[in-house]
Amino acid sequence: MDRIRIVGGNALNGIIPISGAKNAALPLMIASLLTSDTLTLENVPHLADVEGLIRILGNHGVDIAVNGRREHQDGSYSRTIHFTCRTVADTTAPYELVSKMRASFWVIGPLLAREGQARVSLPGGCAIGTRPVDLFIEGLAALGAEMEIDGGYINAKAPKGGLIGARYTFPKVSVGATHVMLMAASLARGTTVIGNAAREPEVVDLANCLIAMGAKISGAGTSTITIEGVPSLSGARHRVLPDRIETGTYAMAVAMTGGDVTLSGTDITLLDTAIEAIRRAGAEVSAVEGGIRVIGHGDQIRPVDIVTEPFPGFPTDLQAQFMGLMTRANGVSHVTETIFENRFMHVQELARLGAKITLSGQTARIEGVSRLRGAPVMATDLRASVSLVIAGLAAEGETMVSRVYHLDRGFERLEEKLTRCGAIVERISD
Ligand code: EPZ
């Protein structure tokens, strides 16, 4: 199993190209199930989760053609992938596939809307919390679907003539359930109004793609989204938006190691709250043409308290990385996680590097230390593992991160991007 070896202490200087967003690419790929025409997605990141979803979609009858990789001047790869689902080959998403990636559960929306039925395995538990699916069940039931749980699967059946538009307000904000409702309601009869919708940029990206496919959607990016159903959708060409979590991660890395890095191909407005927190911690962050410039001062990190919230609040997917940054702050900070109940697995691993963190319920108290020391650590989930990489970059000596397959799910060519900016990071394949 691969490991990543980091020798910390170097400042980061140079350009880091930001990839297309994993969490936008996945629902966009799933939207290809809604049409018999070709959906072409540009700027699709090359990640294990994308490859996994390609296999899953293949099982449902989606033909996939990758245009080959094209290297850009800044060295980033972006792939253009064509997805064509002439006919749905199978409306069942089996346990073996869904259990590997929660987002694959989202096929329930398009399958139900296009084929009138779907049988999708419950995704099961996950390392960061219980992550139930009640909101998906309630939302699709509001559109007239019969939803039944049987043998670990959800059997969903649309009424004769298809799903019916309705008003439905989520009791809690869910990114995935909003994606699914958008896709399902696009092909429903009549108008759907979703209340308390997720406002994440990835929801807006999916809505824009669906609109390009012929859907009638307004209000994406606000809490109320209105969808006027259409009888069918066509193909489209759509560019995946930049990855705001990757952007924030590298910005925090620079804030921690010190240095001067331009994050290219990204957009500062995708992560205002996180940028504000990084600035308060002492780094200089500014919008520059085609990206963001971050100047970090390494040793002069100020303590900042954050609370994770749905967009536009501080993203839970940057919580672990920000905690990494705070381990070196000059004082005490607090990080409160409100989205997932068990997203603190990085705490004990950061402690191995010398961090002083105590947990009390959903809040971590971080007492900044003047230095971290490299150590062997273990990746536990995607974002937790990259927080260990960031901390390793700022630690003295060698940090060895094992179980890096978690990182490969969501960070495209991490070692290469960091090495180009002066970090000592290498992948060791055993
Ligand atoms: C998306 O997950 C992201 N995944 C997550 O990123 C991200 O952490 C999360 O949104 C929150 O921003 C993708 O986009 C692929 P939710 P999702 O439904 O949609 C509860 C990463 O590291 N809930 O918004 O699954 C749920 O348990 C991943 O890239 C219900 O109670 O998250 C959680 O507490 C990790 N019932 C909260 O809502 C439901 O039916 C928000 O989850 C559904 C969700």
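**Close-up 1. Val-173 sits in the loop between strand S10 (167-169) and helix H6 (175-186).** Helices (H or I, at least four residues) and strands (E, at least two) are DSSP runs, numbered from the N terminus. This is a predicted model: local features need pLDDT of at least 70, side-chain atom pairs count only at pLDDT 80 or more, and totals for chains, interfaces and linings use all residues. Residues are numbered from 1 along each chain as its sequence is written, and side-chain values use heavy atoms, with hydrogens and water left out. Val-173 has a relative accessible area of 29%, so it counts as partly exposed (buried is under 20%, exposed over 50%, partly exposed in between; 1.4 Å probe, protein chains only). Beyond its neighbours within four places in sequence, Val-173 contacts Asn-196, Ala-197, Ala-198 and Pro-310 (contact: heavy atoms within 4.5 Å).

**Close-up 2. Leu-135 belongs to helix H5 (residues 134-142).** Leu-135 is buried because its relative accessibility is 9%. With residues up to four places away in sequence set aside, Leu-135 touches Tyr-168, Phe-170, Pro-171, Lys-172, Ser-174 and Ala-177. The UniProt record (unreviewed entry) lists a "binding site" at positions including Leu-135, Lys-172, Val-173 and Ser-174. UniProt positions follow the numbering used here, feature names are shortened, and annotations may be inferred rather than shown by experiment.

**Close-up 3. Ser-385 is part of helix H12 (residues 382-394).** Relative accessible area for Ser-385 is 0%, so this residue is buried. Ser-385 touches Ala-379, His-406 and Leu-407, leaving out residues up to four places away in sequence.
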